[in-house]
Amino acid sequence: MALRHILSIDGGGVRGIVAAVVLEALEAELKAVGKSCSIGDCFDLIAGTSSGAIIAAGLVMPPTGDDDRAAPAQIRRMFENDARRIFPRRWFCEIPILGRLPQLFGPFYNPRGLSDVLYENFGDAVMADAKRNLMISAYSIDPREIVLFRGGPSYEERDEANRFGMLGVRDVLLGATAAPTFFPPHRIERIDESGCWTAIDGAIYINDPAMAALTEAIRLFPGDDFRVLSLGAGRETRTYPYGESRRWGFSQWVSPISRFRTPLLSAISDGQARAVGRQLHYLLGDDYFRFDFMLNKGRGSDRIDDSTKGNIIRLTRGAIEMVEKNRGTIRQLAEELESVNN
């Protein structure tokens, strides 16, 4: 009976840099204990939602012009250098309430910047190019369907190879990161010409994909044991006092122009992650590892599109502090991880 390792990466927009910092630290520990394998080679399944999907793909896909997978340090630099291209800052954005009015009437960002960044990092790669098993979550609004895009060695003889194998990674990621009101839905043509998916960000139902990843791993490797490493993107700490929230209507709960920043969506995302954490802790006990930290005390903004240099620095600082507090656990993981033989 083998012990299978699963890596799960939450969505969080710009806050995805938190997971990249943790992975960079884990890969450094791998080298410190004398292992030459890359971090992407150490997991039997890697799953990601939204920005976590970009990181997951970056670990297992050959980047453009190179045969080796991207190191976590390269992925971190992508967030540092390209966040402003994905979420360009415009002067009116900082005006309270008025700065977000355009988001009431259409997508706030043009996806062209994101598309360019994805092409530079993945080129024309398809899901079948994944060197390790990869799962990316999205949701289709037409037809209504949960979509878990999959590729990698364990899928070569399965139905998923025909369904997803030749889908472009850039196409998949444009759909999986199409957060409503931030980016428009992305149309993904089915390979079998049976139609298409109108995909939006998987975070609307599964921002923390760890439980879905465990379920998929059980399907791929029945009878084996499992260890899950789950990476968050900074937990939101904003509270909504009863005295104010009892009077809220649509404009406070959902509207992007609210000074409370869509508390309904925040609560859904946080509640789903907390539920998954509780379930996996119960199921796996000491074989479940979760790395995340509170977005307070100057550790970064809870906004997924705050691409300012200052916010990137604060998020990175918070992630480094978390890594140092958990250095012993990270070293333990590094000592136990080995290159996967698919």
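Which side chain does Glu-120 meet in a salt bridge? I looked, and the partner is Arg-85, at 2.8 Å from N to O. For my own bookkeeping, a salt bridge here is a side-chain nitrogen of Lys or Arg within 4 Å of a carboxyl oxygen of Asp or Glu.

Ground rules before going on. This is a predicted model, where local features need pLDDT of at least 70 and side-chain atom pairs count only at pLDDT 80 or more, while totals for chains, interfaces and linings use all residues. Residues are numbered from 1 along each chain as its sequence is written, and side-chain values use heavy atoms, with hydrogens and water left out.

**Entry: Glu-120 and Arg-85**

I checked where the two partners of that 2.8 Å bridge sit. Glu-120 is in helix 4 (residues 112–122) and Arg-85 in helix 3, so I noted a link between distant parts of the chain, 35 residues apart. Helices are DSSP runs of H or I with at least four residues, strands are E runs of at least two, and both are numbered from the N terminus. Glu-120 is partly exposed at 44% relative accessibility, and Arg-85 is partly exposed too, at 34%. My cut-offs are under 20% relative accessible area for buried, over 50% for exposed and partly exposed in between (1.4 Å probe, protein chains only).

**Entry: Glu-80 and Arg-76**

I found this pair bridged at 2.7 Å between the closest N and O atoms. Both are in helix 3 (residues 72–86), and because they are 4 residues apart, about one helical turn separates them. Glu-80 is partly exposed at 32%, whereas Arg-76 is buried at 16%.

**Entry: Asp-287 and Arg-227**

Here the closest N and O atoms are 3.0 Å apart. Asp-287 is in the loop between helix 11 (263–284) and strand 8 (288–291), and Arg-227 is in strand 7 (residues 225–231), so the bridge ties together parts 60 residues apart in sequence. I get 24% for Asp-287, partly exposed, and 11% for Arg-227, buried.

**Entry: the wider tally**

My search of the whole structure gave 29 salt bridges. I also noted a network of them linking Asp-10, Asp-208, Arg-290 and Asp-292.

**Entry: nonpolar cores**

I counted as a core any set of buried Ala, Val, Leu, Ile, Met, Phe, Trp, Tyr and Cys residues joined through side-chain atoms within 4.5 Å. The largest has 75 residues, and Met-61 and Phe-149 have the most contacts inside it. Helix 1 (residues 17–32) gives this core its largest share, 10 residues. Another core of 21 residues lies apart from it, with Met-135, Ala-217, Leu-220 and Val-276 among its members.
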